[in-house]
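Please walk me through how to read the features of this model, one at a time.

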Amino acid sequence: MNGEKIRKIINEKADLLSGLGEQVNRDFDKEIIHKFRVDVKSLRSFLRLLRMHTNNPKLKITKKIMRLYHITGVIRDAQLELDKIAENKYTLPAYIEKLHLVISTQKKEWEKYYSKKLFSKLDARFSNVNYDALSPTVLEEFFKTKLLAIDRLSKNKLPTDNQVHSVRKQAKDILYTSKIANKEWKAAHKLVKDLPLNQLDKIADKIGNYHDGR
């Protein structure tokens, strides 16, 4: 993959992130929040892949945007809790009030830190990088590293919640970068084809459902 293709992928993802940020800012819709967080994770996965090829410190999402990502995570957790309470018709008035307070507080935090300029600066940050061509061997090494981490973590007889979550992160890194490779990187198609993507997707979904339930 040449440098211009890399720049195009990153700029498109940064633009999508900017648009989703604006939508979150309008009404904090839970589906838009989910899409915003997925796009952050997809971009971070691709940047992790690139950092295997270079130690460029610019190949990271800014701390201020990661702050927004974490704020939306707290809001989404509370929204999911409220949905579960409503679905099961639980009578928990004090807890429901607490969840609404959490959402209200985090919305204020978002409003405190959010601005369109954050995303403009992110776009400029990535646009000013000189990207070297990326060999499929870098992607192969990235996949191997992630699969080894999954194998190591999966051997724990009593894994902690953080370790279980880490397995999901490794699987998602593979899934996000595979999706990009399938769409944008013909030379890497064979590498992606040889991966157990369906199994990894099921594992990631099961762990996600586990964490939502917990």
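**Reading the chain**

A: Phe-28 sits in the loop that links α1 (3-27) to α2 (30-51). This is a predicted model, in which local features need pLDDT of at least 70 and side-chain atom pairs count only at pLDDT 80 or more, while totals for chains, interfaces and linings use all residues. Residues are numbered from 1 along each chain as its sequence is written, and side-chain values use heavy atoms, with hydrogens and water left out.

Q: What is the phi of Phe-28?
A: Phe-28 is not a glycine, yet its phi is positive, about 55 degrees. Lys-89, in the loop between α3 and α4, also is not a glycine and has a positive phi of about 55 degrees.

Q: Is Phe-28 buried or exposed? And is Lys-89 buried or exposed?
A: Buried means under 20% relative accessible area, exposed means over 50%, and partly exposed is in between (1.4 Å probe, protein chains only). Phe-28 counts as buried because its relative accessibility is 6%. Lys-89 counts as exposed because its value is 72%. Of the 214 residues of the chain, 42% count as buried.

Q: How many helices and strands does the chain have?
A: Helices (H or I, at least four residues) and strands (E, at least two) are DSSP runs, numbered from the N terminus. Here there are nine helices and zero strands. The radius of gyration is taken over C-alpha atoms, and the globule rule is 2.2 Å times the number of residues to the power 0.38. The chain has a radius of gyration of 19 Å, close to the 17 Å from the rule for 214 residues, so it is as compact as a globular protein of that length. Its C-alpha atoms fill a box of roughly 55 × 45 × 25 Å along the principal axes.

Q: Which residues form the positive surface patch?
A: Patches are made of residues with over 30% relative accessible area and no salt bridge; like charges are joined within 9 Å, and nonpolar side chains (Val, Leu, Ile, Met, Phe, Trp, Tyr) within 5 Å. A salt bridge is a side-chain nitrogen of Lys or Arg within 4 Å of a carboxyl oxygen of Asp or Glu. The positive patch consists of Lys-64, Arg-67, Lys-112, Lys-117 and Lys-121. At least two of its residues come from each of α3 (63-88) and α5 (116-127). Lys-112 belongs to helix α4 (residues 93-113) and is exposed, at 57% relative accessible area.

Q: Which residues make the nonpolar surface patch?
A: Tyr-90, Leu-92 and Tyr-95 make a nonpolar patch of about 280 Å². Tyr-95 is in helix α4 and counts as partly exposed, at 33% relative accessibility.

Definitions and conventions: Accessible areas come from the Shrake-Rupley method with a 1.4 Å probe; for residues, only the protein chains shown count as cover. Lys and Arg count as positive and Asp and Glu as negative; His and the chain ends are not counted. The place of a charge is taken as NZ of Lys, CZ of Arg, CG of Asp or CD of Glu.
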